[in-house]
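Hi everyone, thanks for coming.

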Amino acid sequence: MKPRTKILIIAGSDSSGGAGIQADIKTITALGSYAMTAITAVTSQNTTGVKSILAIPAKDISRQIEFTSKDIKPDAIKIGMLHSTDVINAVFNSLKKINVKKVILDPVMVAKGGTKLIDSSSIEILKSNLIKRASLITPNIPEAEILSKTKIFSKDDMIKAAKILINSGAKNVLIKGGHLKSNLIEDIFLSKNEVSVFKNKKFITKNTHGTGCTLSSAIATYYSCGKTLKKSCEMAIKYVNHAIGSGPNFGKGHGPINHLGAINIKKKFK
Ligand code: PXL
């Protein structure tokens with residue numbers, strides 16, 4: 001089978017293979033598209049935590065984006081870890097040059113174990129440029145709290161925060177509800193004129209490393225293939241749930257999910 005579409009991933013490398021660019025490549029490949037990369041940082045980590053972060057200079061990130069896209073034009077872009085204001089500005093400027101409409105931004109801030117993956121001064125810059133440029137942003141609850149400057153304890157709070165983000169310039173927002181204490185996970189999709197709630201059973205497992213990266217890459221893939229954003233979110237949530245449910249239980253800490261666990265979804269999607 002030939003890849004259906006081409007996706008450019010702008011994100012950090014996770015040496016343990018569960019999150020970051022490794023999760024993105026696996027997801028996009030499993031769903032039948034072609035993955036290209038612009039690596040923003042190289043993290044040394046395993047399932048128990050992050051040992052170190054090597055930042056790639058902003059100009060080299062821009063070169064990866066622009067030189068790659070000049071030759072093979074991406075149908076969609078997925079953005080993950082951006083650690084500094086320089087990097088955010090460089091990515092924003094490169095996006096202007098390559099003119100790709102479909103952009104999914106996962107505003108990555110903290111790794112599963114608690115290590116910060118972005119410096120605090122970057123958050124306002126992110127809000128002023130890339131968040132407005134993206135077709136969709138996919139914060140989890142702690143990220144949505146920081147971006148909306150509100151506290152989130154319930155589904156209603158999630159909807160309020162999503163509205164604040166739309167009013168401050170985001171085009172579409174998916175807030176992931178996994179951090180709330182409940183047997184169900186409710187993810188909220190909000191656009192200018194609709195609110196949708198995706199409800200799913202919560203898995204009791206510590207092995208959820210890379211779920212956010214995987215979700216945003218799956219959304220980017222479905223969206224690049226012509227699904228609506230809302231449908232892409234719904235299908236991507238299903239894909240991640242299959243991947244969690246069939247996780248391999250590797251490592252002593254927060255283990256990875258199984259990106260190939262949803263191979264039957266891929267067939268249905270064809
Ligand atoms: O899941 C967020 C994330 C994004 N990018 C990289 C990561 C992580 C979490 O560990 O390592 C590179």
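Let's begin with strand S1, residues 6-14: eight of its nine residues are buried, so the strand is largely enclosed by the rest of the structure. Buried here means under 20% relative accessible area, with a 1.4 Å probe and protein chains only. Helices (H or I, at least four residues) and strands (E, at least two) are DSSP runs, numbered from the N terminus.

Before going on, a word on the source: this is a predicted model, where local features need pLDDT of at least 70 and side-chain atom pairs count only at pLDDT 80 or more, while totals for chains, interfaces and linings use all residues. Residues are numbered from 1 along each chain as its sequence is written, and side-chain values use heavy atoms, with hydrogens and water left out.

Which strands pair with S1? One is S2, residues 34-46, in the parallel sense over eight bridges. Ile-10, for example, has Ala-38 in S2 as its bridge partner. Between S1 and S2 the chain passes through helix H1, residues 20-30, in a right-handed β-α-β crossover. Right-handed means that, with the strands pointing away from the viewer, the path from the first strand over the helix to the second runs clockwise. Strand S4, residues 76-79, also pairs with S1 in the parallel sense, over four bridges, and there Ile-7 is partnered with Ala-76. Two strands count as paired if DSSP finds at least two bridges between them.

Now the ligand. The residues around it, each with a heavy atom within 4 Å, include Gly-12, Ser-13, Asp-14, Gln-45 and His-209. A polar side-chain atom of Gln-45 lies 2.5 Å from a ligand oxygen atom.

Next, helix H6, residues 141-148. Why do I call H6 largely enclosed? Because six of its eight residues are buried, among them Glu-143, Glu-145 and Leu-147. Their cover includes helix H7 (155-167) and strand S7 (173-175). Just after H6, Lys-149 takes a positive phi of about 55°.

Last stop: Ser-232, in helix H9, residues 229-245. Is Ser-232 buried or exposed? Its relative accessibility is 0%, so Ser-232 counts as buried. Its side chain reaches the backbone oxygen of Thr-228 at 2.7 Å. Leaving aside neighbours within four places in sequence, Ser-232 is in contact (heavy atoms within 4.5 Å) with Ile-219, Tyr-222, Tyr-223 and Lys-227.

That's my tour, thank you!

Methods. Buried means under 20% relative accessible area, exposed over 50%, partly exposed in between (1.4 Å probe, protein chains only). A polar contact is a pair of N or O atoms within 3.5 Å; within protein, one must be able to donate a hydrogen and the other to accept it, and residues adjacent in sequence count only if both atoms are side-chain atoms.
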